[in-house]
Every structure is written in structure tokens, then in C-alpha cells.
Amino acid sequence: MVTQAERREATRSAVIRAATTLFGTVGFAATTVDQIAGEARVAKGAVYHHFANKEAIFAAVFEVTSREVAARVAAAGRLAVDPLKGISEGTRTYFEICTDGGPIGRIILTDGPAVLGWRVWRDIDRQHFGAMVPAALAAAMKTGLVDSQPIEPLSALLLGAVTEAAFVCANSHAPEKAIEAFISALDALLQGLCPRV
């Protein structure tokens with residue numbers, strides 16, 4: 001027998017899935033709560049039972065989407081031969097996800113900062129992606145691949161550069177070329193951190 005808690009979670013999940021589809025295809029501004037309820041096949045009141053407004057629905061969608069993207073980025077980074085290549089491969093995966101024409105780029109890069117505000121967007125982004133770069137840099141320093149130096153400012157600079165590059169790639173008329181150019185520049189930047197012999 002299905003419990004009340006399981007029904008609530010099923011409804012909430014259905015709303016998030018439906019909203020992800022709508023926000024990702026037509027965008028936040030063009031999506032209504034009525035459309036989300038219809039897509040989720042639940043009553044509008046059920047949507048409002050779980051979420052105070054459309055912005056709260058978007059915040060939940062953004063959180064779930066960010067977590068999924070971070071898992072894919074981390075998986076790509078783990079396959080690399082060393083921590084610096086891990087940063088590069090993870091970044092390439094992030095760029096590809098955000099430029100593939102699917103819903104993720106619109107949710108993460110287009111509507112995310114506009115709906116949530118830059119500060120909240122950055123805080124959520126930092127929760128999911130902000131730990132990866134410092135961990136990779138620490139591993140690279142531990143193995144001598146990168147000269148020892150303060151990790152926090154270096155991580156902030158790299159994350160800022162990657163974020164800006166992601167926006168450029170996502171808005172490029174030739175995203176594949178843009179990705180290659182930015183990954184090449186990132187690789188050169190990362191190589192500059194290596195000890196000179």
C-alpha cells in the first residue's frame with residue numbers, strides 16, 4: 001500500500017519533472033503553473049501544496065538539474081589521467097551539456113541567474129561545482145603536478161573563467177568551435193601552473 005508520504009513525494013517529483021521539461025523548452029517566463037500542473041497531471045492546488053509559487057518550482061528544478069550536471073562533470077573528471085586533465089575534461093563535459101540544445105543550458109545559464117538572482121545562482125553553483133576544482137588542485141599540488149600555492153583564490157579565478165566561458169559557448173553560433181577554443185585556452189592556463197623544469 002502506498003503511504004501518504006510516498007504520494008506526496010510522487011506528486012512533487014512529477015511537478016519537478018514537468019517543470020523541467022517546460023522551463024527547458026519554452027523558458028521560465030513563458031511557462032505557467034497551469035501548464036506545469038497539466039504536464040504533471042496533477043491539480044493546480046497540488047502544485048501549490050508543494051511550492052509557494054513558480055519561482056519556488058524553478059529553484060527546485062535548478063537544484064535537481066545542477067546536481068545531475070555536477071554528477072556528470074565529476075564522472076568525466078574521474079576518468080582523466082591526472083587532476084589537471086580532470087579539470088579540463090570535466091569542464092569540456094559542462095560546456096557540452098550546456099550547449100547541446102537541450103533544457104539544461106536554458107535552465108542553468110539562461111533562466112538560472114535571471115530567476116534566482118546572481119548571488120543565489122552562484123551559491124548553488126558553488127555547492128555543486130565549487131568543491132570539484134579545489135579538490136582537483138589540491139590533488140595536483142599533493143602529487144607535485146602543480147606548484148604549491150593558496151588554493152582558494154586560484155579556484156575562484158578558474159571557476160569564474162569557466163563560468164564566463166560557459167555563457168559564451170552557450171550563446172555561440174558555433175558552440176563546438178567555441179568549446180574547443182576555450183578548452184585549449186584552459187589547458188594552456190592549467191599548464192602554466194605546472195613547475196618549470
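Trainee: How many positive and negative side chains does the chain have, and how far apart do the centres of the two sets lie?

Mentor: In this predicted model, the chain carries 19 positive and 20 negative side chains. The centres of the two sets lie 4 Å apart.

Trainee: Which residues of helix α2 are called buried, and what is the cut-off?

Mentor: Helix α2 spans residues 33-40, and V33, I36, A37 and A40 in α2 are buried. The term means that a residue has under 20% relative accessible area, so each of these four falls below that limit. In the chain as a whole, buried residues make up 42% of the 197 residues.

Trainee: How do you know that the buried residues of α2 line one face of the helix?

Mentor: Seen down the axis of α2, the buried residues fall within an arc of 100°, so they line one face. An α-helix has 3.6 residues a turn, so residues three or four places apart point the same way.

Trainee: What covers the buried residues of α2?

Mentor: The cover includes α1 (4-25), α3 (44-50) and α4 (54-78). Contact here means heavy atoms within 4.5 Å.

Trainee: Which residue follows α2, and is its phi positive or negative?

Mentor: R41 follows α2, and the phi of R41 is positive, near 60°.

How values were computed: Residues numbered from 1 in each chain as written. Predicted model: local features only at pLDDT ≥ 70, side-chain atom pairs only at ≥ 80, totals over all residues. Heavy atoms only, no water. Buried < 20%, exposed > 50% of the residue type's maximum accessible area, 1.4 Å probe, protein only. Lys, Arg positive; Asp, Glu negative; His and termini not counted. Charge placed at Lys NZ, Arg CZ, Asp CG, Glu CD. Helix = DSSP H or I, 4+ residues; strand = E, 2+ residues; numbered from the N terminus. Arc of directions from axis to C-beta.
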